[in-house]
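Open the structure in your viewer and keep the sequence beside it. The tour below goes from one selection to the next.

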Amino acid sequence: MDMILNFISDKPWFGLVAAVIAAAAAFCAATKTPESGTWKAKIYGVVEFLALNIGKAKDKADFDKAVEAAADKAKDKTKDKK
């Protein structure tokens with residue numbers, strides 16, 4: 001543990017890197033994922049990388065649409081039964 005603390009305290013840039021990661025993570029958590037293929041999506045991808053949102057940590061933009069589509073489909077089935 002002392003080795004890690006010594007490494008952190010010896011590097012003046014470590015605080016800046018931690019602040020960038022924290023700010024990018026907060027931005028990604030507070031905003032919706034833009035539609036793919038737009039310039040906003042490209043910038044958002046860079047911010048996600050800076051936030052270390054990779055793999056399963058990434059937000060899926062299509063998830064909300066899939067939930068809405070499933071809900072609409074369920075409503076249509078209940079209307080057809082009546």
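A nonpolar patch here is a group of residues with over 30% relative accessible area and no salt bridge, in which nonpolar side chains are joined within 5 Å. Keep in mind that the model is predicted.

**First stop: the patch.** Select Met1, Ile4, Leu5, Phe7, Ile8, Trp13 and Val17; together these residues make a nonpolar surface patch of about 710 Å². Helix α1 (residues 2-10) gives the patch its largest share, 4 residues.

Is Phe7 buried, partly exposed or exposed? Phe7 counts as partly exposed because its relative accessibility is 41%, and that class lies between the limits of 20% and 50%.

**Second stop: the whole chain.** Show the protein chain as a cartoon: there are 4 helices and 0 strands, in the order α-α-α-α from the N terminus. Switch to a surface view, where the accessible area is about 7100 Å², with 66% of it belonging to carbon and sulfur atoms. Of the 82 residues in the chain, 10% are buried.

**Third stop: confidence.** Colour the chain by pLDDT. The average is 81, and 78% of the residues score at least 70. Where is confidence highest, and where is it lowest? Helix α3 (residues 39-50) has the highest mean, 93, and helix α4 (residues 62-81) the lowest, 68.

**Last stop: a loop residue.** Select Leu52, in the loop between α3 and α4. The phi angle of Leu52 is near 65°, a positive value in a residue other than glycine. Leu52 counts as exposed because its relative accessibility is 53%, and exposed means over 50%.

Note on methods: Residues are numbered from 1 along each chain as its sequence is written. This is a predicted model: local features need pLDDT of at least 70, side-chain atom pairs count only at pLDDT 80 or more; totals for chains, interfaces and linings use all residues. Side-chain values use heavy atoms; hydrogens and water are left out. pLDDT is the predictor's confidence in each residue, from 0 to 100. Helices (H or I, at least four residues) and strands (E, at least two) are DSSP runs, numbered from the N terminus. Buried means under 20% relative accessible area, exposed over 50%, partly exposed in between (1.4 Å probe, protein chains only). Accessible areas come from the Shrake-Rupley method with a 1.4 Å probe; for residues, only the protein chains shown count as cover. Patches are made of residues with over 30% relative accessible area and no salt bridge: like charges are joined within 9 Å, nonpolar side chains (Val, Leu, Ile, Met, Phe, Trp, Tyr) within 5 Å. A salt bridge is a side-chain nitrogen of Lys or Arg within 4 Å of a carboxyl oxygen of Asp or Glu.
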